[in-house]
Amino acid sequence: MKKPQEPQDATPAPEQRLYRVVAERIQQLIKDDNIAPGSRLPAERELSAKLNVSRASLREALIALELGGVVEVRGGSGVYVSEQAALPAAVPEVGPGPFEVLSARRLIECEIAAIAAKNATDSAVDAILKAVEEMERSHDDRSSNELADRNFHVAIARATGNTAFVGVVEYLWDQRGSLWHRLKEHYRTEDLRKDTLSDHRAILSAIAERNGPAARSAMRAHLERVTRTFSRG
């Protein structure tokens, strides 16, 4: 009599990120509609309606296709099929999408700001202020400005007195990979850079006044502003 075989553990297939799914659909649309290399794709509003996806998901997918050499995003002009495009092309896996990260930050960092307002010591508030002042000084130096921005959010997490919160914020910032930086390169405006400084001052003020609800609200307004700018352009 045959001994029954032991059941084998089934390893579930990794879930595909939404921007990769949308990117593959865009490639199929390019093929089905015979959009030639060098030709312009339909406007984002039309594409998002045609594919039944949000503008944010569409924009992530287009940036991923740009990183893969399939399309070219030309500021103020539109998105074009690359002259060197060879379809179908593999969509690069470049970590979580920017809007996925922003969604997590809105959920987590707003509460961290409220807790920081309750727990911050004077020295912790000084560290947040130092980061804001460094952002103002380095306004025209993108690399230094980005580092000061990160230091601002990490300093708020440190002000809670909870090292787990610090680790979470650092992790979320470390997820800002090539998709995020290319998106920011194309769609970040000078107005957003100025508004970010104003937002940071409002967050700092609420924390310094030990006003938790105001700190939560100011952080939410800041992150929602960034999301709106990157999704609408």
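Modeller: Start with Arg17, which is partly exposed because its relative accessibility is 26% (buried is under 20% relative accessible area, exposed over 50%, partly exposed in between, with a 1.4 Å probe and protein chains only). The model is predicted, so local features need pLDDT of at least 70 and side-chain atom pairs 80 or more, while totals for chains, interfaces and linings use all residues. Numbering starts from 1 along each chain as its sequence is written, and side-chain values use heavy atoms, without hydrogens and water.

The side chain of Arg17 forms a salt bridge with Glu100, at 3.6 Å from N to O (a side-chain nitrogen of Lys or Arg within 4 Å of a carboxyl oxygen of Asp or Glu). This pair links distant parts of the chain: Arg17 sits in the segment before helix 1 (18-32), and Glu100 in helix 4 (residues 98-119), 83 residues apart. Helices (H or I, at least four residues) and strands (E, at least two) are DSSP runs, numbered from the N terminus. Glu100 is also partly exposed, because its relative accessibility is 45%.

Now move on to helix 1. Helix 1 has 15 residues. From first C-alpha to last, helix 1 reaches 21 Å, close to the 21 Å expected at 1.5 Å a residue (1.5 Å times one less than the number of residues). Its buried residues are Tyr19, Val22, Ala23, Ile26, Gln27, Leu29 and Ile30. Seen down the axis of helix 1, they fall within an arc of 160°, so they line one face (the arc uses directions from the axis to the C-beta atoms). The face turned away from this buried side carries the exposed residues Lys31 and Asp32.

What do the buried residues of helix 1 pack against? Their partners are helix 2 (44-51), helix 3 (55-67), strand 2 (78-81) and helix 8 (178-187) (contact means heavy atoms within 4.5 Å). Just after helix 1, Asn34 has a positive phi of about 55°.

Last, go back to helix 4. Glu111 forms a salt bridge with Arg216, at 2.8 Å from N to O. That pair also links distant parts of the chain: Glu111 is in helix 4 and Arg216 in helix 10 (residues 212-232), 105 residues apart. Glu111 is partly exposed at 34% relative accessibility, and Arg216 is partly exposed at 25%. Across the whole structure, a search finds 18 salt bridges.
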